[in-house]
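Let's walk through this one together, question by question. Have the model open beside you.

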Amino acid sequence: MTQSAAATEAQTAPIQHGHPGPSQRLVKLLSYWCLAALVISIARIWIPAAAALIETAWWTGGTLLIGAALLDFLTGRRITGLEGERRLPNNLALGVRNSARLKLRNNGPRTLQLSVCDSVPQQLATTGLPRRAKLQPEQEVSIEYSLVPHRRGSANFGRIEILADSPWGLWQTRLWLGREQSVKVYPNFLGISSLQALSTEQTLRMLGLHQQQRRGEGMDFRQLREYRQGDSQRQVDWRASSRLRKLISREYQDERDQEIIYMLDCGRRMHAKDGGLSHFDHALNGLLLSAYVAIKQGDAVGLHAFAAGQDSSGGQLPPVKGENAINLLLNNVYDLHSGTGSADYSGAAQQLLTKHKRRSLVILITNLRDEDSVELLAAVRLLTRNHLVMVASLRETAVDRLAQKPIEDFSGAIKGAAAQDFLHRRARLLQQLQACNVLVVDSRPELLHQALVEAYWCLKRSGKI
């Protein structure tokens, strides 16, 4: 459903009424009336002559309060002419603040005092709600609030929730307006958006990398396109530019376009968190940014997600190339999550070899431990028969900090020694992988995208892919 279609349906959606309930004002007035009964009791003891007058006033006040409450209930229990719609972004990015807008219009005959909230899914944190609003007849109001997603996937919004006051404010009626809506929460793709208009050199520079030029490098002409900021003068095709009366650049590609397949560990270890994101989300961010750089170089990018017990249909994408490839990859991983099973390296390697016969660069993204050595080494030996293999492992920064922490007591010494032993065993596993002719990337989670792009670019420039 498009955003405009959703807004049109929201305007025609009928109001759903709940049962009216007493407002805080009515509860307070009834509490004061009950407390006034103590005054009558005290008056009977200390001023019996005035007790009868006070009791009459008490009953009169109670009768008026109940009568007013009943009249207010009858006149305010039905709300007519109120319309509402919700405006959402087309999609959301994990951890990025966005705005949503609620539009309310009063087509009814009386002024409405409203308390406005929204049915926001639990995976989104909100600020700016609930909000009070006053609508005169034929008046429209917009209420904006912020959304920050903390989990990827489909975010399903319910209907807009309203508490409408009765004319005297003694009752509140719960209303539901608009339509239910759904929006996709993607990995943080804003980094990709910021790179789209840049040349390859600018992209690498923005990622903090330095491109090393190679003399005599063979490049194949790909196409003519409009000049972009950052293109070198050597790329400008002056004959085509003069004919079309605008700057035209030649676009080149590497002589051999390759296939890159990301093997993504969806096991329980990827639940580990560094900062506000899990290792799995850091892995997705690194995967997407490095895949985008590869796609810009004309390579095809595929995905093979794996974990014990995982549905084989999820997280699988054959190698694709072209301008739409990154969108296909985004839509394939936005609802992909790490599970509770262990990583099945051997099973994943066998499945990959069955599906992909052509020699490719296989990038395995995982969180390595020493206990994985036997299965992992067997899996990479199997993969290296047909493919060039890279293993990218995310370091657990909490262990690094623990190993570097000064020792102050016996407990600290035990923890520090355990951390050092863990890192030593892990380093030994990485050395064993390198001995199997495997390229190893060992990176902090938040820097994985830089490490993957740098490793890819080194392979590309050396002619290995």
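Q: Where is Ser373?
A: Ser373 sits in helix α10 (residues 373-383); helices (H or I, at least four residues) and strands (E, at least two) are DSSP runs, numbered from the N terminus. Before going on, a word on the source: residues are numbered from 1 along each chain as its sequence is written. This is a predicted model, where local features need pLDDT of at least 70, side-chain atom pairs count only at pLDDT 80 or more, and totals for chains, interfaces and linings use all residues, while side-chain values use heavy atoms, with hydrogens and water left out.

Q: Is Ser373 buried or exposed?
A: Buried means under 20% relative accessible area, exposed over 50%, and partly exposed in between (1.4 Å probe, protein chains only). Ser373 has a relative accessible area of 17%, so Ser373 is buried.

Q: What does Ser373 touch?
A: Contact means heavy atoms within 4.5 Å. Leaving out residues up to four places away in sequence, Ser373 touches Leu429 and Gln432. Ser373 and Gln432 are 59 residues apart in sequence, yet 8.6 Å apart in space, C-alpha to C-alpha.

Q: And what about Ser241, buried or exposed?
A: Ser241 comes out at 7% relative accessibility, so Ser241 counts as buried. Ser241 lies in helix α6 (residues 238-244) and touches Val236, Lys246, Leu247 and Ile248, again not counting residues up to four places away in sequence.

Q: Which residues touch the most other members of the largest nonpolar core?
A: A nonpolar core is a set of buried Ala, Val, Leu, Ile, Met, Phe, Trp, Tyr and Cys residues joined through side-chain atoms within 4.5 Å. Here the largest one has 46 residues, and Tyr262, Leu264, Leu329 and Ile365 touch the most other members. Elements that each supply at least two residues of this core include β16 (259-265), α7 (279-296), α8 (325-333) and β21 (361-366). The top contributor is α7, which gives 10 residues.

Q: What is Leu329 in contact with?
A: Setting aside neighbours within four places in sequence, Leu329 is in contact with Leu287, Leu288, Ala291, Val301, Leu303 and Leu317.

Q: Which residue forms a salt bridge with Arg358?
A: That's Glu259, with the closest N and O atoms 3.5 Å apart. The pair links distant parts of the chain: Arg358 is in the loop between α9 (345-355) and β21, Glu259 is in strand β16, and they are 99 residues apart. Arg358 counts as partly exposed at 45% relative accessibility, whereas Glu259 counts as buried at 16%.

Q: What does Arg426 pair with?
A: Arg426 forms a salt bridge with Asp442, the closest N and O atoms being 2.9 Å apart. This pair also links distant parts of the chain, with Arg426 in helix α12 and Asp442 in strand β23 (residues 439-443), 16 residues apart. Arg426 is buried at 5% relative accessibility, while Asp442 is partly exposed at 30%.

Q: Which residues do shared partners join into one network?
A: Asp370, Asp421, Arg425 and Arg428 are joined by salt bridges that share partners.

Technical notes. A salt bridge is a side-chain nitrogen of Lys or Arg within 4 Å of a carboxyl oxygen of Asp or Glu.
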